[in-house]
Amino acid sequence: MAQERGFDRLVNFSDAVVAIAATLLVLPLVDKASSIGSTPIPSFLSDNVIAFIVFVLSFVVIGRFWLAHHRFFQHLRSFSPGLMLFNLLWLLGIVFLPFSTELIVSGQSVTTLASAVYIGTMLFISLASLGMAVVARRNHDILNDPRDYRKAFVLSVATAAVTGVAFLISLIWPVIGLWALWLLLLTPVLTRFVDRVARPHIGGVR
């Protein structure tokens, strides 16, 4: 019973942190709106178009990470110290994302080194997700069904790999910036490939 309560607290705490991080994304826009004064609304919107675009992007990014986190935890029935550690690292990346977002907005460009910091934050979160997946794979006793878990594990590997490539591109060629995130569209393709290649090597996760 105590283990079950601890697991519920872990999930609820994670959800609360994600909700706060998503809310923090809009605060810079609220600050800008509070000083709009006599500026016409169309002019205000056009002057802050990058801020709005990056806000929506970051909200979608956080939402996507949360959905993946939610689906991952549906495969679990308990937790371990290693899982808690990687979950805290995952939350650290989520909380840092609003700061990465503001770096891009303050620079008024999506093609600066700030984009590498932004995608690097996404990579950090993806690697933390992969860490949780590895821990769960090595502790089958915390899984509901190891056979159903294999797809979630492969998806974590593919997402981290694609995000890593996007990060390297944004770091080496800053002019590309956030456009490197289009590579994430290849995640489903890479997931199917990794699934076929790794299936004979994923031990008990089938």
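Visitor: Is Ile172 buried, partly exposed or exposed?
Guide: Happy to start there, with a predicted model in which local features need pLDDT of at least 70, side-chain atom pairs count only at pLDDT 80 or more, and totals for chains, interfaces and linings use all residues. Numbering starts from 1 along each chain as its sequence is written, and side-chain values use heavy atoms, without hydrogens and water. Buried means under 20% relative accessible area, exposed over 50%, and partly exposed in between (1.4 Å probe, protein chains only). Ile172 has a relative accessible area of 53%, so Ile172 is exposed.

Visitor: Which helix gives the most to the nonpolar patch?
Guide: The patch is formed on the surface by Leu113, Leu168, Leu171, Ile172, Trp173 and Val175, with about 630 Å² of accessible area together. Patch residues have over 30% relative accessible area and no salt bridge, and nonpolar side chains (Val, Leu, Ile, Met, Phe, Trp, Tyr) are joined within 5 Å, like charges within 9 Å; a salt bridge is a side-chain nitrogen of Lys or Arg within 4 Å of a carboxyl oxygen of Asp or Glu. Areas follow the Shrake-Rupley method with a 1.4 Å probe, and for residues only the protein chains shown count as cover. With 3 residues, the top contributor is helix 7 (residues 146-172).

Visitor: Which residues does Leu155 contact, leaving aside its neighbours within four places in sequence?
Guide: Leu155 lies in helix 7, where helices (H or I, at least four residues) and strands (E, at least two) are DSSP runs numbered from the N terminus. Leu155 is partly exposed, at 37% relative accessible area. Contact means heavy atoms within 4.5 Å, and by that test the partners are Thr187 and Thr191.

Visitor: How many helices does the chain have?
Guide: From the N terminus on, the elements run α-α-α-α-α-α-α-α. Strands number 0, and the helix count is 8.

Visitor: Why is the pair of Phe55 and Phe59 tilted?
Guide: The whole structure holds 4 aromatic pairs. In this one, the ring centres of Phe55 and Phe59 are 6.4 Å apart and the planes meet at 45°. Rings of Phe, Tyr and Trp (its six-membered ring) pair if their centres lie within 6.5 Å, with planes under 30 degrees apart stacked, over 60 edge-to-face and the rest tilted. The pair is tilted because its plane angle is 45°.

Visitor: What is the angle between the planes of Phe72 and Phe73?
Guide: Phe72 counts as buried at 7% relative accessibility, and Phe73 counts as buried at 7% too. Their aromatic pair is edge-to-face, 5.5 Å centre to centre, with a plane angle of 85°.
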